[in-house]
Amino acid sequence: VLAVRDAGLLHAAQDLSDGGLALAAVEMAFTSITGIALQGHDLATLFGENQARYIVAVPQDAVPQVVKSETQHGSVAAQVGTFEGDSITLAGETRRLDDMRALHAGALSAIVS
């Protein structure tokens with residue numbers, strides 16, 4: 001992540017330790033008001049709460065450079081999806097970003113009501 005930041009390519013980053021890849025990506029989508037499509041991952045990969053793993057948002061044309069740079073610095077890096085559009089796609093299911101934001105925002109109030 002530091003090499004990506006130092007190259008001026010980092011738009012956003014989130015650790016995967018709380019909710020895994022899926023939750024981190026969705027939270028980034030909510031914050032940026034941009035859809036996310038994660039490519040063909042099983043549920044364990046999507047929701048595994050691994051330590052010392054991050055999702056980073058970089059320009060699409062910089063992905064090969066970022067993967068190469070991170071690999072050279074001893075990290076494992078791969079493109080797992082894209083930020084685009086107005087929907088969220090996880091494990092082959094697509095929902096509108098606005099609908100998911102409303103569901104997310106209403107979940108806590110529903111629990112404590």
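Buried means under 20% relative accessible area, exposed means over 50%, and partly exposed lies in between, with a 1.4 Å probe and protein chains only. By that rule Ile 33 is exposed, because its relative accessible area is 58%. The model is predicted: local features need pLDDT of at least 70, side-chain atom pairs count only at pLDDT 80 or more, and totals for chains, interfaces and linings use all residues. Residues are numbered from 1 along each chain as its sequence is written, and side-chain values use heavy atoms, with hydrogens and water left out.

**Fold and overall dimensions**

- The chain has five helices and six strands. Helices (H or I, at least four residues) and strands (E, at least two) are DSSP runs, numbered from the N terminus.
- From the N terminus on, the order of elements is α-β-α-β-α-β-α-β-β-β-α.
- The C-alpha trace spans about 50 × 30 × 25 Å along its principal axes.
- Contact means heavy atoms within 4.5 Å. Among contacts between residues at least 6 apart in sequence, 75% join residues at least 24 apart.

**Surface and charge**

- Of the 113 residues, 29% are buried.
- The chain exposes about 7100 Å², and carbon and sulfur atoms supply 55% of that area. Accessible areas come from the Shrake-Rupley method with a 1.4 Å probe; for residues, only the protein chains shown count as cover.
- There are 6 positive and 13 negative charges, and their mean positions are 3 Å apart. Lys and Arg count as positive, Asp and Glu as negative; His and the chain ends are not counted. Each charge is placed at NZ of Lys, CZ of Arg, CG of Asp or CD of Glu.

**Nonpolar cores**

- A nonpolar core is a set of buried Ala, Val, Leu, Ile, Met, Phe, Trp, Tyr and Cys residues joined through side-chain atoms within 4.5 Å.
- The largest core holds 17 residues. Leu 21, Ile 36, Leu 38, Leu 46, Ile 55, Ile 88 and Leu 90 touch the most other members.
- Two or more residues of this core come from each of helix H2 (20–32), strand S2 (36–38), strand S3 (54–57) and strand S5 (87–90).
- H2 gives the most, with eight residues.
- Apart from this core lies another, of five residues, including Val 58, Ala 62, Val 63 and Val 66.
- Leaving out residues up to four places away in sequence, Leu 21 touches Leu 16, Leu 38, His 41, Thr 45, Leu 46, Gly 48, Ile 55 and Val 80.

- Gly 48 sits in the loop between helix H3 (43–47) and S3. It counts as buried because its relative accessibility is 18%.
- Not counting residues up to four places away in sequence, Gly 48 touches Leu 16, Gly 20, Leu 21 and Leu 43. Gly 48 and Gly 20 are 28 residues apart in sequence, and their C-alpha atoms are 4.8 Å apart.
- Asp 18 is in the loop between strand S1 (12–15) and H2. At 59% relative accessibility, Asp 18 counts as exposed.
- Asp 18 touches Leu 23 and Glu 49, with residues up to four places away in sequence not counted. Asp 18 and Thr 31 are 13 residues apart in sequence and 17 Å apart in space, C-alpha to C-alpha.

- Most residues other than glycine have a negative phi.
- Ile 33 is not a glycine, yet has a positive phi of about 55 degrees. Ile 33 lies in the loop between H2 and S2.
- Ala 91, also not a glycine, has a positive phi of about 50 degrees. Ala 91 lies in the loop between S5 and strand S6 (93–96). Its relative accessible area is 41%, so Ala 91 is partly exposed.

**Helix H4**

- Val 67 lies in helix H4 (residues 63–72). Its relative accessible area is 24%, so Val 67 is partly exposed.
- Setting aside neighbours within four places in sequence, Val 67 is in contact with Ala 77, Ala 78 and Gln 79. The C-alpha atoms of Val 67 and Gln 79 are separated by 7.8 Å, at 12 residues apart along the chain.
- Ser 69 also lies in H4. Ser 69 counts as buried, at 19% relative accessibility.
- Ser 69 and Ala 7 are 62 residues apart in sequence and 9.7 Å apart in space, C-alpha to C-alpha.
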